[in-house]
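Hi there,

Here is the structure I promised to send over. Have a look at it first, and then read my notes below.

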Amino acid sequence: VFGHVTATYCAGFVSRRFSTGFVKAGTYDLTNVLTFASSRPSGITIRSDDGEGNLAPETTIFDGGYPARTNRLFSVNSANVTLRGLTIRDGRVKGTNQKGGGVYVNANGFSVANCIFDSCGAYDGGGLYWDNKTVGDGVLECVFTNCVSDNDGAGLYLYPTKGFVRGTTFADCAATRNAACCINGAGGVIVDGVFTNCTGNYGGAIRGVSASSSCAVTNTSFVSCGANAGPAIYSDAGATLFGCRIVDSRDPKKNNIGPVNLRKASVVDTCYFSRNQGKDGVTVALAAGSVMKNCIVEDQQRSVGDAGTGVVRYSTGTGRVTVRDSKFLSVAGGSMADGNVDFENCVFSNATVGFAFVRDQNHQNRIWNCLFTDCPEPVKLAYGRYENCSFVGNVGGATVSMWNSTKTSPVLSNCVFWANTPYTADTSWHGSMGLLVKADDFDATNRVKMANCVFQSAQETDARAPDIRDADKTGASTVLTEKAIAAGQGLLFAP
């Protein structure tokens with residue numbers, strides 16, 4: 001059909017007789033919902049046409065007329081319907097549990113491609129609500145802009161199992177509760193997406209809303225999104241993130257826990273974080289068993305609180321979070337992580353406040369093969385294990401302190417302190433340039449243990465603190481007094 005008559009007539013005619021309806025450019029005011037009834041044949045496609053066979057979404061507009069009118073634009077109850085190249089604008093349904101201001105889907109096999117959802121709203125799924133049915137091709141190369149919801153999914157609420165979203169942009173979408181895009185089915189996939197200035201309470205851009213709503217997000221950008229928890233993504237079921245970019249996350253109530261906030265074991269791989277702000281876990285908040293790897297984190301800032309400019313692990317569940325092969329550059333404020341997080345092969349540079357690898361009172365960090373460099377004040381170490389680490393070119397080197405003397409003693413082994421300069425900005429640091437042990441934090445049973453560490457010179461240790469310990473060949477602990485330090489027992493000084 002290429003009749004270019006009224007939209008309602010065109011769709012009804014197509015659903016009775018043909019498989020594809022072509023709609024010419026123009027604005028079609030819908031005073032009532034356009035329904036694809038379950039009694040109609042399946043496999044209907046409605047698409048725009050510029051007269052030369054091309055899609056024309058910017059100029060083919062279905063308008064719901066809000067606020068003068070409040071009605072949904074499309075209701076899909078017939079199987080395998082496809083919408084392509086349309087603008088769906090100003091569709092709005094009001095009231096609790098009203099779903100899909102632009103499009104409501106309650107049929108199997110639905111697909112939507114190259115469509116623009118503009119200024120639509122509902123209780124759930126302001127632009128598109130896709131009920132618990134099987135998917136067709138999914139949501140492909142669409143735009144959701146200025147859509148709102150009174151509850152979940154300002155732009156899109158995706159209920160089907162293995163829902164698929166590709167090449168889609170969400171801009172300026174605002175949910176009262178949860179996210180621009182809500183996923184409620186297992187196995188949701190979002191690829192090549194863009195989320196800009198999207199807001200919610202739990203999840204600004206993406207929310208996995210149930211314990212089974214796991215998702216995979218790949219090559220997706222999150223820019224200037226805001227929420228009280230998880231401005232980029234908050235998922236009760238965990239997620240896999242690969243190749244994502246999370247920048248300028250906002251924290252309106254100064255209570256944000258993690259731009260990426262994942263409540264079950266997850267993977268965050270090859271992602272970039274920059275200029276995000278929040279309270280705790282300003283980079284990620286992850287569940288036990290999670291892995292973060294190959295990531296770059298820079299220019300992060302903590303707004304309030306002190307439990308992590310980098311990574312925190314939730315107190316629920318057992319197991320640890322592992323961070324490896326990642327770079328933390330120019331991070332500021334509070335500790336780097338709580339005590340359930342291990343770091344392997346990481347670089348920490350220009351930490352403007354330093355690092356205190358502890359906040360969880362029942363666990364200790366494990367830090368392996370990490371480089372601390374160009375930090376403008378001493379790197380703060382607490383109880384935990386620091387193995388094969390290098391402290392190079394820092395102002396003040398490192399300090400070892402302890403908040404609770406009943407916990408396990410800190411252990412440093414095979415570490416290198418090199419080319420550090422004295423820290424004199426605060427006299428309590430005693431001009432530390434290598435390793436300073438805060439003697440008041442330790443007692444007779446809880447002291448620093450150190451073995452096989454290399455210092456550029458003997459002046460890099462705090463000889464006044466008889467708290468540095470070493471283990472002899474029998475495993476017995478021996479105090480490294482000033483005399484022992486001078487003799488090099490347990491320590492190696494460069495010539």
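Ser-111 is part of strand β10, which covers residues 110-113; strands here are DSSP runs of E with at least two residues, helices are runs of H or I with at least four, and both are numbered from the N terminus. Please keep in mind that this is a predicted model, where local features need pLDDT of at least 70 and side-chain atom pairs pLDDT 80 or more, while totals for chains, interfaces and linings use all residues. Residues are numbered from 1 along each chain as its sequence is written, and side-chain values use heavy atoms, without hydrogens and water.

Ser-111 counts as buried because its relative accessibility is 5%, and the cut-off for buried is under 20% relative accessible area (1.4 Å probe, protein chains only). Beyond residues up to four places away in sequence, Ser-111 touches Val-81, Thr-82, Leu-83, Gly-136, Asp-137 and Gly-138, a contact being heavy atoms within 4.5 Å. Its C-alpha atom is 7.2 Å from that of Asn-80, 31 residues away along the chain.

Leu-83 also has contacts with Phe-36, Ile-46 and Phe-74, among others. In the largest nonpolar core, which has 90 residues, Leu-83, Leu-128 and Met-292 touch the most other members. Such a core is a set of buried Ala, Val, Leu, Ile, Met, Phe, Trp, Tyr and Cys residues joined through side-chain atoms within 4.5 Å.

As for the whole protein, there are two helices and 56 strands, and 55% of the 495 residues are buried.

Best wishes

Definitions and conventions: Buried means under 20% relative accessible area, exposed over 50%, partly exposed in between (1.4 Å probe, protein chains only).
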